Amino acid sequence: MNIEDLREYCLSLPYVTEDCPFEPDGIAFRVMGKIFAYLDVKNEDYFCMKCNPQYALQLREKYQAITGAWHWNKKYWNQVSYKSTLTDDFIKHLIRHSFREVVKKFPKRMIGENPKLASIDE
């Protein structure tokens, strides 16, 4: 997967926006204002995504291309080498998982008012 495809896929999810909150070369992808993924354009090999803590550990054990995210809480964040042998479909699955991890923390009222939030399957 390349950087453009990664960005386009994130932005294709409902209510997703992007901004540069930390540095001009870093892009944060947010759903309803909450970050679910981060791309450091200077380090084009890795993409950081939120993850369920148990699933994060399983992924790190199984895939060499997935490690605890540098400068992020490693309990909840993985960095994924998207230029590795991981398939595009699997990387998209991880992006959707990250999106869902953030959405599940939203109040039910917010999800009820924005039904597209609940429409993303992992």
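## A buried strand residue and its partners

Val31 belongs to strand β2, which covers residues 26–31, in a model that is predicted. With a relative accessibility of 0%, Val31 counts as buried, since buried is the term for residues under 20% relative accessible area. When neighbours within four places in sequence are set aside, the contacts of Val31 are Pro14, Tyr15, Val16, Phe36, Phe99, Val102, Val103, Phe106 and Leu117.

Val103 is part of helix α3, which runs over residues 88–103, and at 0% relative accessibility Val103 counts as buried. Again leaving aside neighbours within four places in sequence, Val103 is in contact with Val31, Ile111 and Leu117; Leu117 is also listed among the contacts of Val31. A separation along the chain of 28 residues goes with a C-alpha distance of 18 Å in the case of Val103 and Lys75.

## Overall architecture

The secondary structure of the chain consists of four helices and six strands, and reading along the sequence gives the pattern α-β-β-β-β-α-β-β-α-α. The radius of gyration is 14 Å, close to the 14 Å that the globule rule gives for 122 residues, so the chain is as compact as a globular protein of that length. Along the principal axes, the C-alpha atoms fill a box of roughly 40 × 30 × 25 Å.

Of the 122 residues in the chain, 45% count as buried.

## Surface and charge

The chain exposes about 6900 Å², and carbon and sulfur atoms supply 50% of that area. Its side chains include 18 that are positive and 17 that are negative, with the centres of the two sets lying 9 Å apart.

## Aromatic pairs and a cluster

Seven aromatic pairs are found in the structure. In the pair formed by Trp72 and Trp77, the ring centres lie 4.4 Å apart and the planes are at 35°, so the pair is tilted; planes under 30 degrees apart would count as stacked, and planes over 60 as edge-to-face. Trp72 counts as buried at 18% relative accessibility, and Trp77 is buried with a relative accessible area of 8%.

These two tryptophans belong to one aromatic cluster, which is formed by Phe22, Tyr38, Trp72 and Trp77.

## Positive phi angles in two loops

Most residues other than glycine have a negative phi. Tyr15, although not a glycine, has a positive phi of about 65°, and its place is in the loop between α1 (3–12) and β1 (16–19).

In relative accessibility His71 stands at 63% and counts as exposed, whereas Trp72, at 18%, counts as buried.

Tyr55 is located in helix α2, which covers residues 53–62. Not counting residues up to four places away in sequence, Tyr55 touches Phe90, His93, Leu94 and His97, and the residue range of helix α3 is 88–103.

A separation of 55 residues along the chain goes with a C-alpha distance of 26 Å in the case of Tyr55 and Met110.

How values were computed
Residues numbered from 1 in each chain as written. Predicted model: local features only at pLDDT ≥ 70, side-chain atom pairs only at ≥ 80, totals over all residues. Heavy atoms only, no water. Rg over C-alpha atoms; globule rule 2.2 N^0.38 Å. Buried < 20%, exposed > 50% of the residue type's maximum accessible area, 1.4 Å probe, protein only. Areas by Shrake-Rupley, 256 points an atom, 1.4 Å probe, with all protein chains shown as cover. Lys, Arg positive; Asp, Glu negative; His and termini not counted. Charge placed at Lys NZ, Arg CZ, Asp CG, Glu CD. Phe/Tyr/Trp six-rings, centres within 6.5 Å; stacked < 30°, edge-to-face > 60°. Contact = heavy atoms within 4.5 Å.
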